[in-house]
Amino acid sequence: MKDLFYDKDKERGKEKTLLKLVEEIGELSEAVLLEDIDKISEEITDVIAWTASIANLLEIDIEKVFFKKYADSCPKCNNNPCSCNLI
Ligand SMILES: [Zn+2]
C-alpha cells in the first residue's frame, strides 16, 4: 500500500485521508444493511486500504501493532476464543 499510494496520501494529508476512511465506513455500513455481500467485500477492502494509508502517513507499522494486540488472545479477557460478554 505504501508503494502504491504514499506519495498521493502525503499530498492529500492525514485529515483528508481520514475523511476518505470515514466515507468508506459509511459505504460499508450501507452495504451491510443491504446484505449485499459483493459490495460488503468491496467496501471492507476499501476500509482496510484507507486505514493502511493513515498508518503509513503516521509511520505506524500496521502489521506489527495489529499482531501485538491481537495475535494470540483477546486483549480484554486474554482468552482465545474471546469470552467477553456481548455488548
Ligand atoms: Zn474477550
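The structure is a predicted model. Four cysteines hold a zinc ion: Cys74, Cys77, Cys82 and Cys84. Elsewhere, helix H2 and helix H3 pack together at about 160°, while the axes of H1 and H3 cross at roughly 70°. Keep the 3D view open and look for each residue as you go.

**The zinc site**

- Let's start with the metal: the zinc ion gets its protein donors from Cys74, Cys77, Cys82 and Cys84, each through its SG atom.
- Those SG atoms sit 2.2 to 2.4 Å from the zinc ion.
- Read along the chain, the donors follow the pattern C-x2-C-x4-C-x1-C.
- What is the arrangement of the four donor atoms around the zinc ion? It is tetrahedral, because the angles they subtend run from 103 to 117°, and four donors count as tetrahedral when all angles lie between 85 and 135 degrees.
- For comparison, the ideal angle for four tetrahedral donors is 109.5 degrees.
- Is Cys74 buried or exposed? Cys74 is buried, because its relative accessible area is 14% and the cut-off for buried is under 20%.
- Cys77, another of the donors, has 22% relative accessibility, so Cys77 counts as partly exposed.

**H2 against H3**

- Two packed helices are described by the angle between their axes and the distance between the axes.
- Here, helix H2 covers residues 14-34 and helix H3 covers residues 37-57.
- Their axes are 9 Å apart, and the packing angle is about 160°.
- H2 and H3 are therefore roughly antiparallel to each other, since angles over 145 degrees count that way.
- As for handedness, H2 and H3 make a left-handed crossing.
- On the H2 side, the residues that meet H3 include Leu18, Leu21, Ile25, Leu28 and Val32.
- On the H3 side, the residues that meet H2 include Ile40, Ile44, Val47, Trp50 and Ile54.

**Two glutamates to find**

- Glu43 lies in helix H3, and Glu43 is buried, because its relative accessible area is 1%.
- Which residues does Glu43 touch, leaving aside its neighbours within four places in sequence? They are Glu24, Glu27, Leu28 and Ala31.
- Glu30 is in helix H2, and at 53% relative accessibility Glu30 counts as exposed.
- Glu30 and Ile40 are ten residues apart along the chain, and their C-alpha atoms are separated by 8.6 Å.

**H1 and its crossing with H3**

- Helix H1 runs over residues 2-12, and one of its eleven residues is buried, so H1 lies largely in the open.
- The axes of H1 and H3 come within 9 Å and cross at roughly 70°.
- That makes H1 roughly perpendicular to H3.
- This crossing of H1 and H3 is right-handed.
- Lys2, Tyr6, Asp9, Lys10 and Arg12 in H1 meet Trp50, Ser53, Asn56 and Leu57 in H3.
- Zoom in on Asn56 in helix H3: at 13% relative accessibility, Asn56 counts as buried.
- With neighbours within four places in sequence left aside, Asn56 is in contact with Met1, Lys2 and Tyr6.

- At 71% relative accessibility, Glu35 counts as exposed.
- Asn78 isn't a glycine either, yet its phi is positive at about 60°.
- Asn78 belongs to the segment after H4, and Asn78 is exposed, because its relative accessible area is 56%.
- Asn80 and Pro81 are joined by a cis peptide bond, with omega about 5°.
- Pro81 is in the segment after helix H4 (62-70).

Technical notes: Residues numbered from 1 in each chain as written. Predicted model: local features only at pLDDT ≥ 70, side-chain atom pairs only at ≥ 80, totals over all residues. Heavy atoms only, no water. Donors = N, O, S within 2.8 Å, 3.2 Å for Na, K, Ca; no water. Tetrahedral: all angles 85-135°; square planar, octahedral: opposite > 155°, others 65-115°. Buried < 20%, exposed > 50% of the residue type's maximum accessible area, 1.4 Å probe, protein only. Helix = DSSP H or I, 4+ residues; strand = E, 2+ residues; numbered from the N terminus. Axes fitted to C-alpha atoms, helices over the stretch in contact; angles between N-to-C directions. Parallel < 35°, antiparallel > 145°, perpendicular 65-115°, else oblique. Left-handed = near helix turned anticlockwise from the far one by under 90°. Contact = heavy atoms within 4.5 Å.
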